[in-house]
Amino acid sequence: QDYKAKSYAAFTQFDVGLSDALTLVLGARVNHDKKDFTVEVTLPQLDYAVRTPRQTQSSSWTSFTSRVGLNWKVSPDTLLYTSYATGFKSGGFGNPTATMAAPIYDPEKLRTFEAGVKTEAMDGLVTANLAGFLSKWDDIQLNVIVPGPTGGFVNLTDNAGTARLYGFEFDGVIRPADGLRFNLGVGYTHNEFTDLDDGVVGVTLDTKLPHVPKWSVTPGFEYSWNTGIGQFMLRSDLSYRSDQFLTIADTGSLQEGYALVSARASFTPASLPNLEIGIEGTNLTDEYYLVYEQAVGLGMRLSQPGDPRTIAATARVRF
């Protein structure tokens, strides 16, 4: 297989002041993708007999995406905003068969509406942000079974589904004392397929999208203090993700909810304010979890675990 891809883009964004408190945000992007795919299948065990003749497929796609937003500064400490944006995922090719050329599938398309509020209180000692979103995902690239050109059926990738996602995100920070900071992030996402073409393999309207947990929670704290010899800093964070599927149309790829703990300590000498030395650790509880899993046939599964406990010493110099 030989796969070549080129992508060109031009984009811009403008903030237009409609009044002292109201700002209109306009953005646009044009993408042109060109891909070439050459493939030939031979059988080494049969003296390299050709199973699928050598062929080349070429295709290109031009995608226009945009963003329109409105920001309203209600008060010096409160901002209301809303936006509508579109996005895409490039098209591509599937593998050919002995009787069918490599199929071409088109880009996926996403439309998202978001509204939220950003606030500060007590002279910046407390900040809180809340946003809600609704997204529609069209032309999702899925595996489908369709009639073959010479009879029978073939399995290929096609734009064969539509999905909807909605939810909210919250993040807040409290600074109760000098150098002390508590933060919290909470996210909720509901996802569902709303339409599927005939022949889609393994996906139903009850199937959940991969790598989309319903809940995510990220609390943390940081404390820094100055001394005669320099500044010390301690920080710790927890990241929780609820149950999620790792591969679409594979119920065996369910990763149950898990939490990861990280921490960091650093010291900046008073005599060398541009130097920071520290020690940090991720997944301190050595939680075992998977970031990828998929059935590969014959009762076997291929999986990839997440990073284990990792401890590192660091040194940073700022210029």
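User: Hey, which strands form a hairpin with four residues between them?

Analyst: That hairpin is made by E1 and E2. Keep in mind that this is a predicted model.

User: Nice. And what does E2 do with E3?

Analyst: E2 and E3 (residues 49-75) also run antiparallel, joined by 21 bridges. Gly27 has Arg67 of E3 standing opposite.

User: How many residues sit between E2 and E3, and which one in the turn has a positive phi?

Analyst: Five residues lie between those two strands, which form a hairpin. In the turn, Asp47 has the positive phi, about 55 degrees.

User: Switching topic: how much space lies in the largest pocket?

Analyst: The largest pocket holds about 450 Å³ of space. It is lined by 20 residues, and those closest to the centre are Gln141, Leu142, Asn143, Thr247 and Ile248.

User: Which strand gives the most to that lining?

Analyst: E8 does, with five residues. Strand E8 spans 126-147, and it and strand E17 (290-297) each supply at least two lining residues.

User: Last one, what's the lining like by class?

Analyst: The lining of the largest pocket has eleven nonpolar residues, along with six polar and three charged ones.

Conventions:
Residues numbered from 1 in each chain as written. Predicted model: local features only at pLDDT ≥ 70, side-chain atom pairs only at ≥ 80, totals over all residues. Heavy atoms only, no water. Pairing = 2+ DSSP bridges. 1 Å grid on protein atoms, 1.4 Å probe; cavity = no way out; pocket = protein on both sides within 12 Å on 5 of 7 lines; lining within 4 Å. Points joined across faces, edges and corners; volume = space filled by probe spheres on them. Nonpolar A, V, L, I, M, F, W, Y, C, P; charged D, E, K, R; others polar.
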